[in-house]
Amino acid sequence: MSIFDLINPFSYITPVHADDEEVEKASGAAAVVASDLVEDTEVVVEDDGSEEEVEVEEEEEEEEEEEEAEDVAPAIKEACGDTSSCKSLKHHYEECAARVDDGSKESCAEELLHFMHCVDQCAAPQIFAKLK
């Protein structure tokens, strides 16, 4: 596990839940609206005047052909974290994290921000060079 796996920028956000009845009403209404928008049937009028609904199958070949490229940013950031310019900042952050684990009431936010700034400064040119 790397140091980047431990960082969650949204950890301070706590979800707010509505009452169960409000959630059920909202989800029911959303389902009705969504079903109205999705059209997977087509009405076919035959020669004798009768109408028949036929399911329409969409082609998914376009989605299968396009493969997403691997994200190289995490590997580049990990390598930048081990460079000589960022290594001392990483060491300071890890020392602070160890003190916090031992019961210190301090925050390691400053150390983390300095380290992440160094990593971003190193990684940004390399990541943009890999973009197509």
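**Entry 1: terms and model**

I take a disulfide to be a pair of cysteine sulfur atoms within 2.5 Å. I am working on a predicted model, in which local features need pLDDT of at least 70 and side-chain atom pairs count only at pLDDT 80 or more, whereas totals for chains, interfaces and linings use all residues. I number residues from 1 along each chain as its sequence is written, and side-chain values use heavy atoms, with hydrogens and water left out.

**Entry 2: disulfides**

I looked up the disulfides and found that the structure holds 3. With bonded cysteines counted along the chain, I noted the pattern 1-6, 2-5, 3-4.

I began with Cys96 and Cys108, whose sulfur atoms lie 2.0 Å apart in a disulfide. The torsion about their S-S bond is about -95°, so I recorded this disulfide as left-handed. The pair links distant parts of the chain, with Cys96 in helix H4 and Cys108 in the loop between H4 and H5, 12 residues apart; helices here are DSSP runs (H or I, at least four residues), numbered from the N terminus. I then checked burial, where buried means under 20% relative accessible area with a 1.4 Å probe and protein chains only. Cys96 is buried at a relative accessible area of 0%, and Cys108 is buried too, at 12%.

Next I looked at Cys86 and Cys118, which a disulfide joins with an S to S distance of 2.0 Å. Cys86 lies in helix H4 (residues 84-101) and Cys118 in helix H5, so this pair ties together parts that are 32 residues apart in sequence. The link of Cys86 and Cys118 is left-handed, with -95° about the S-S bond, and both cysteines are buried.

Cys80 lies in helix H3 (residues 73-81) and Cys122 in helix H5 (residues 109-130), so the tie is between parts 42 residues apart in sequence. I read -70° about the S-S bond of Cys80 and Cys122, a left-handed link, and Cys80 is buried with a relative accessible area of 2%.

**Entry 3: H4 against H5**

I looked up how H4 and H5 pack, and their axes come within 9 Å and cross at roughly 155°; these axes are lines fitted to C-alpha atoms over the stretch in contact, and angles run from 0 to 180 degrees between N-to-C directions. That makes H4 roughly antiparallel to H5, a label for angles over 145 degrees, while under 35 is roughly parallel, 65 to 115 roughly perpendicular and the rest oblique. In contact (heavy atoms within 4.5 Å) I found residues including Cys86, Leu89, Lys90 and Cys96 of H4 and Leu112, Phe115 and Cys118 of H5.

Lys90 is buried, with a relative accessible area of 16%, and leaving aside its neighbours within four places in sequence, Lys90 is in contact with Gly81, Asp82 and Phe115.

**Entry 4: H3 against H5**

For H3 and H5 I noted axes that come within 8 Å and cross at roughly 135°; the two helices are therefore oblique to each other. Among the residues that meet here are Ile76, Lys77 and Cys80 in H3 and Phe115, Val119 and Cys122 in H5.

Note on methods: Buried < 20%, exposed > 50% of the residue type's maximum accessible area, 1.4 Å probe, protein only.
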